[in-house]
Amino acid sequence: MSTWMIITAGFLVHAIVFISIFDIYFTTPIISGLPSHSSPRPPPAKRLVFIVADGLRADKTLMLQPDGSTPAPFLRNIAENDGTWGVSTAGIPTATRPGHVAMTAGFYEDPTSVAKDVRGGKIYFDTIFQETTYTWTWDTPKFLEKVAEDHPETIFSEHFPGERKYLSGINPKDMDSWVFDEVTNFLKSAKTDADLKKKMNKDKILFFLHLGGIDHAGYIVRPNSPEYLQHVTFLDEGVKDIVGKFEDFFGHDGNTAYVFTSDHGMTNWGAHGDGMPDEIHCPLLVWGAGIRKALPEDNLNRYDDTLSQDWSLTEWKRSNLEQPSLAALMSAIIGIPFPKNAVYPFPDGFFDVAEQDEFEILYANLKQLLENFQAFERYTHVGPFAFSFRSYGSLSGSLIRSLHTDIQALNVSGNYASAIALTKQKIELTVQGLQHYRLYSKTPLWLATFSSCIGWICFCALVLIQQHENWEDIKVTTPVMANTKHIIIQIAVALAVFDLIFLYAQSTPVTQCVHFLLPIPIWTAAVIKWYEIGNLLSIIKRQKQLLPVAILCVLCIILIIMSMYHRFLLGVTAVLFALVTINGNKTELDKNLRYQWLLSTLGIAALVAKPLGDRDLHYNLVIVSGVAATISSIAFHYHLEGSAVKGRLSRHFGRRFAIFQIVKIALATGILYYSSYLTENNIRTPLSVQIPSWVIFFVSLFEPIVVNTDIQSRLVAMSFGYVAPFILLSIGQETLCYIFLVWNLYLYVEVERNLTKSQPIFLPRTSDESNNRVPNKSVSNGKSFPNGHTTVKHHKHTKSNDYLMFQQTVTEWQNLDLAKANENETRCKRVLTSGDLRRALFSLLCIFSGLCGSGNILSINRYGLYV
């Protein structure tokens, strides 16, 4: 099997394993054709005003300042006097589309939904918008645009002008002012438009206001800044004004209800997407027609947090809910059918209605949930492993029929309190049953994926052993060996065919079929490779000298995994690796090189270990880092200028290229300095700054491919080619961390060059050298070969026609070229050494330091397990 075949297979295996995460933990089967259910009683309200402040944090809305004031006095007054307050808990990922789908459809969409707005796919699930008589929306989210396109007669949407959105120099209040102004103009026009006024006075009407400015304010000024609190106050005043205008328009008829919340929160450093409390806690305020007013708190300890105490709201009853329960709440407020695909229950403690009305709402919600439960049960019954189907025994068919009978008997007798209690109990049971079927295939899928991973690890290990011990694929020369391999393959094919037929008969989804089938080819390849190698135990015994290094690698890998939860461990691992490497090779490494490499490693460790809680703007630090990057680039290019390289470019052109890179870094630093000035003065970024920034970005992508192919020239060109866009994207220490990482990597190349000067390499004998072979004997120490090869004592693991040699020119890394080798060049093969493990471990450390270091995509939020 060729190297490229193994690489391609590895890519496919890892892609399938990555996809399996979503199939195992985040599946959201949407079942169509379900009937709708709603309460037969008159609803508490005729219309609902639904206000979502995108990215608004709950604490910034409801808390008190140290001086006793509040940034949102109108909303705070509702919590204390006029309505019900609580916390709406968002799901992961905490983003705009998942939040809006949860609030309006009643379920958490799978994490891949964050990309669905980009693709603009059709909406296949039911939401509250489809169920209303008429819906008007302002600053419509993208997923709702698709819903509105399918219902142009009942859903009318207005969009914030895209050309007015800027991420630098924007006044985020503009986005919210646009919504408030549009709603004000809409209400004014409705007074003179008889047809519009007639539509607005019907029942089951929804007004949806999406306020996106606070989200952008959080990105720019951070939630802990005074500017963010000023924006919260601006929102509070705008909501107060809009509520007054709605009440005036409808003559204070008492038939309007209001729901105010956010789709997600935000961290202190202006990010969201993860599951930190500041990201998942959304403010929830409900008031108006049919909603109970504030009540004294009778059970302060019913929640595990201390939010009521932190926000000085201990005197008023708190009603929390999961974000998808908002769909059921809003449906019940205006009497529309519950969304057909909603799997979260109607929340308790919000309504102030008669017991009969409350019972009918709960009973309709129970019937809607049971429809989903029975549909999931049917879906699972014909799915994978249907032959061992395990039903949720607490809700079998007979039990469902009997619970309807029992509930209706209590309703007919007028015992509404008991009917409500029994209905709530069965709703909770139904939700548990839905969870049972949602995770039904989790265990077998997890086992199949785990088997694939272990099999691939075994296969890769066997490939390495074969390449470094046997050097060549052993050719099948006997009928017995050929037949054995054929039998193994035939058994695997038969098993795969049987598995495929079995899965097809169970109507298994295609992706799950792939996960269940994947272990078969992987383990087949591993078994065949093990058979080709033969006596594996003796080979492992011969490599016992690698055991200490292997133990160090395992320890470091464990620390790297733990660093996903405790960042400082990544730096500890890097320092441990450097110390062990230096301590074991003091004679081979120059003292100055040792100190420089250790210093660069300590710099990375310090920067990576820095907590992520502080993501404030530190443009001065970025500018200093840009100056440091410019000086570093000059130093590196000067150091490489006199080196002998096999370059595709002339030395004259190489100097010009170095000057180009240095000027580009300096230009990026200047652009950032000017952009920081614009941001501080709230000035929009002009095109004269945007165009050079984009030019630098695109030029940097293709710049490294034109440089010399020797390893150090390519390393420096790539590193300082990408540092310019990195500067433009930085807000603090990110560029400084990048410089330390480049410095460390450059020094490690020097470390390896010194440690591998005497690396043993096995070279296959050429035909014209065959007469000089002396099997199992020492070869004359004075014999020389082309390219500086020198023969040494014959190695016990070599084949009879191979020489063991030291190749100084190849293993001196400063002359190692990344260009494709000529066909006439000899391919070197050798035994596996501790240096191979050391280099592999450093590569892993380097990758994790780059991905999980400072200020990049994977370090924006903390890691956590939220399954």
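When I say contact today, I mean heavy atoms within 4.5 Å. Helices (H or I, at least four residues) and strands (E, at least two) are DSSP runs, numbered from the N terminus.

Quick housekeeping. This is a predicted model, where local features need pLDDT of at least 70 and side-chain atom pairs count only at pLDDT 80 or more, while totals for chains, interfaces and linings use all residues. Residues are numbered from 1 along each chain as its sequence is written, and side-chain values use heavy atoms, with hydrogens and water left out.

OK, a helix pair to start. Gly213, Ile214, Ala217, Gly218 and Val221 of α10 meet Glu227, Tyr228, His231, Val232 and Leu235 of α11. By class that contact has 6 nonpolar, 3 polar and 1 charged residues; here Ala, Val, Leu, Ile, Met, Phe, Trp, Tyr, Cys and Pro count as nonpolar, Asp, Glu, Lys and Arg as charged, and the others, Gly among them, as polar. The axes of α10 (residues 213-221) and α11 (residues 226-249) come within 9 Å and cross at roughly 170°. Axes are lines fitted to C-alpha atoms, for helices over the stretch in contact, with angles from 0 to 180 degrees between N-to-C directions. So α10 and α11 are roughly antiparallel to each other (the cut-off is over 145 degrees).

Now the second pair. Helix α24 (residues 568-583) packs on helix α32 (residues 834-851) at about 155°, axes 11 Å apart. That makes these two roughly antiparallel as well. On the α24 side the contact includes Leu570 and Phe577, and on the α32 side Arg838 and Phe842 are among the residues. The class count there is 7 nonpolar, 3 polar and 1 charged.

On to the sheet. What order do the strands take? They run β4-β3-β5-β1-β6-β7-β2-β8, 8 strands in an open sheet with mixed pairing; two strands pair if DSSP finds at least two bridges between them. The edges are β4 (155-158) and β8 (321-322), each pairing on one side only. Strand β1 (residues 47-53) pairs with β6 (residues 256-261) in the parallel sense over 6 bridges, and there Val49 stands opposite Tyr258. Helix α4 (residues 96-105) lies across β1, β5 and β6, at about 160° to β1.

Arg97 forms one with Glu109, closest N and O atoms 2.9 Å apart. Arg97 is in α4 and Glu109 in the loop between α4 and α5, so the pair ties together parts 12 residues apart in sequence. The whole structure has 18 salt bridges.

Conventions:
Parallel < 35°, antiparallel > 145°, perpendicular 65-115°, else oblique. Salt bridge = Lys/Arg side-chain N within 4 Å of Asp/Glu carboxyl O.
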